[in-house]
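Here are my notes on this model, as numbered points. Have the coordinates open while you go through them.

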Amino acid sequence: MSLESTQPSEMLITTLVICINKRFRIDQRSCAMGGSPELVKMIESGVKARRINIKIETTVCFGHCSKGPVMRMIPGGKFYHEVCKDDIAGIVDELEELCGTKPDQDEMQFAPGS
Ligand code: FES
């Protein structure tokens, strides 16, 4: 995996966008060809299990096809290039560190002042 960052440190990350584009020519690399649909499932599962406060969305091309699978934090966040299954645990850790976790329902029910 490689990273390309354009994110000012004070921006609040709300979403991880993952390219699932499949190009029709076999000689043209695409994120789907690199397994991005499975990576989406893995990340969604990790985010859900850890209650990470981030949305996961898919898109159909960032224009970085030769570096796929590609993901990007938004707004204005860094790109992850050439992501593979072995990278997912580290990405989920980073998402939790940047975005925090959602309170669980029991905590919300018994919170003072609620
Ligand atoms: S196919 Fe994913 S960036 Fe173009």
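1. Start with Cys61, which sits in the loop between strand 3 and strand 4. Cys61 isn't a glycine, yet its phi is positive, at about 160°. Cys61 counts as partly exposed because it has 15 C-beta neighbours inside 10 Å. The cut-offs here: buried takes 20 or more other C-beta atoms within 10 Å of a residue's own, exposed takes 12 or fewer, partly exposed is in between, and C-beta atoms are placed from the backbone. Helices (H or I, at least four residues) and strands (E, at least two) are DSSP runs, numbered from the N terminus.

2. Two housekeeping items before going on. Residue numbers start from 1 along each chain as its sequence is written. This is a predicted model, so local features need pLDDT of at least 70 and side-chain atom pairs count only at pLDDT 80 or more, while totals for chains, interfaces and linings use all residues.

3. Other positive phi values are worth a look too. Glu82, in the loop between strand 5 and helix 2 (88–99), has phi near 50° and is not a glycine either. With 14 C-beta neighbours inside 10 Å, Glu82 is partly exposed. Arg51, which follows helix 1, has a positive phi near 55°.

4. Now the cis peptides. The bond from Gly68 to Pro69 is cis, with omega near -5°, and Pro69 belongs to the loop between strand 3 and strand 4 (71–74). Ile74 and Pro75 are also joined by a cis peptide bond, with omega about 5°. Pro75 is in the loop between strand 4 and strand 5 (79–81).

5. Leaving out residues up to four places away in sequence, Ser30 touches Asn21, Lys22, Arg23, Cys65 and Gly68; a contact here means C-beta atoms, placed from the backbone, within 7 Å. Ser30 and Val70 are 40 residues apart in sequence, with their C-alpha atoms 9.1 Å apart in space.

6. On to the overall layout. The chain has three helices and five strands, in the order β-β-α-β-β-β-α-α from the N terminus. Of the 114 residues, 20% are buried. Among contacts between residues at least 6 apart in sequence, 73% join residues at least 24 apart.

7. For the strand pairing, DSSP has to find at least two bridges between two strands. Strand 2 (residues 15–19) and strand 3 (residues 55–59) run parallel, joined by five bridges. Between them the chain passes through helix 1 (residues 36–50), and this β-α-β crossover is right-handed; that is, with the strands pointing away from the viewer, the path from the first strand over the helix to the second runs clockwise. In this pairing Thr15 has Lys55 as its bridge partner, and Ile18 stands opposite Thr58. Strand 2 also pairs with strand 4, in the antiparallel sense and over four bridges, where Leu16 has Met73 as its bridge partner.

8. (The expected span is 1.5 Å times one less than the number of residues.) The buried residues in helix 1 are Ser36, Leu39, Val40, Ile43 and Val47. What covers them includes strand 2, strand 3 and helix 2. The face turned away carries the exposed residues Lys41, Ser45, Lys48 and Ala49.

9. Of its 17 residues, Leu16, Ile18, Ile43, Met71 and Leu95 touch the most other members. Strand 2, helix 1, strand 4 and helix 2 are the elements that give two or more residues, and helix 1 gives the most, with four. Not counting residues up to four places away in sequence, Met71 touches Leu16, Val17, Ile18, Tyr80 and Val83.

How values were computed:
Two residues are in contact if their C-beta atoms, placed from the backbone, lie within 7 Å. A nonpolar core is a set of buried Ala, Val, Leu, Ile, Met, Phe, Trp, Tyr and Cys residues joined through C-beta atoms within 7 Å.
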